Amino acid sequence: MAKEGRRRVNPALLPTLIELLLMGAREGPVPVTTEELARRIGRSQQAASKHLEALEREGLVERYRRGRATEVKLTPKGVNELVGLYLILRSTLEEPPESYLFTGEVFSGLGEGRYYMSLEGYRRQFAEKLGFEPYPGTLNVRLDSPSQSMQLRELVVRGGIRVKGFSDGVRTYGDVICYRALVEDVAGAVVVAERTHYDYTVLEVIAPVNLREALGLRDGDRVSVRVFFRQG
């Protein structure tokens with residue numbers, strides 16, 4: 001069962017990160033002078049230089065010396081930060097679709113889903129908010145493409161049915177966001193937890209039945225999951 005909450009980049013650095021994207025630094029290293037960058041972001045050369053240093057320190061860009069010139073490239077972390085910003089803006093400015101269709105390959109997880117689904121603090125809330133008690137375990141689906149991973153990330157940004165975290169006196173369990181879904185023709189839900197070893201390349205699906213048995217699924221089989229944004 002999403003990641004530990006991470007620290008967001010300093011908002012003051014975002015215009016610089018965006019300008020580097022517009023300059024082509026996503027595709028590869030591009031020549032960048034502090035004079036040009038300062039003009040683009042409307043700041044002093046000193047500020048532009050400090051921004052580059054801070055972005056490099058945060059692991060959002062890489063800088064290379066080419067003789068007397070400096071070239072800059074966005075790292076995957078930097079691109080990911082911009083994608084997150086894009087999705088936040090899109091979720092605010094655009095109406096969501098009725099549903100999202102995901103396809104992928106079934107695989108075996110580490111067994112954590114069975115443990116979490118058996119916890120009373122979660123099980124009771126699933127029954128109240130989703131209308132069913134989940135079978136102990138999750139169906140893990142590895143998504144087909146980066147575009148589907150982006151689609152899942154957009155879904156999470158838009159929000160869903162929240163199952164609140166709790167403490168059992170020994171450890172604390174984080175919130176889980178749920179979305180009603182159809183796995184082929186079986187009703188269930190997609191769950192995205194605040195803490196997991198998975199990223200946006202994997203769907204975790206719960207249902208009131210054992211989905212592998214109900215649909216005759218084995219590792220490597222392909223499956224489609226339609227996730228409904230409107231949760232009423």
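## Contacts of Leu203

Leu203 touches Phe102, Leu139, Asn140, Val141, Leu143, Leu152, Val190 and Val225, leaving aside residues up to four places away in sequence; contact means heavy atoms within 4.5 Å. This is a predicted model, in which local features need pLDDT of at least 70, side-chain atom pairs count only at pLDDT 80 or more, and totals for chains, interfaces and linings use all residues. Residues are numbered from 1 along each chain as its sequence is written, and side-chain values use heavy atoms, with hydrogens and water left out.

## Nonpolar cores

A nonpolar core is a set of buried Ala, Val, Leu, Ile, Met, Phe, Trp, Tyr and Cys residues joined through side-chain atoms within 4.5 Å; buried means under 20% relative accessible area (1.4 Å probe, protein chains only). The largest has 25 residues, and Val190 and Leu203 have the most contacts inside it. Elements that each supply at least two residues of this core include helix H7 (146-158), strand E10 (186-193) and strand E11 (202-206). Its largest share, four residues, comes from E9.

Another core, of 24 residues, lies apart from it and includes Val9, Ala48, Val79 and Val83.

## Strand pairing around E3

Helices (H or I, at least four residues) and strands (E, at least two) are DSSP runs, numbered from the N terminus; two strands pair if DSSP finds at least two bridges between them. Strand E3 (residues 69-74) pairs with strand E1 (residues 30-31) in the antiparallel sense over two bridges, and Pro31 stands opposite Glu71.

E2 (residues 61-66) also pairs with E3 in the antiparallel sense, over six bridges. Arg66 has Ala69 as its bridge partner. Two residues separate the strands of this hairpin, where Gly67 takes a positive phi near 65°.

Methods
Buried < 20%, exposed > 50% of the residue type's maximum accessible area, 1.4 Å probe, protein only.
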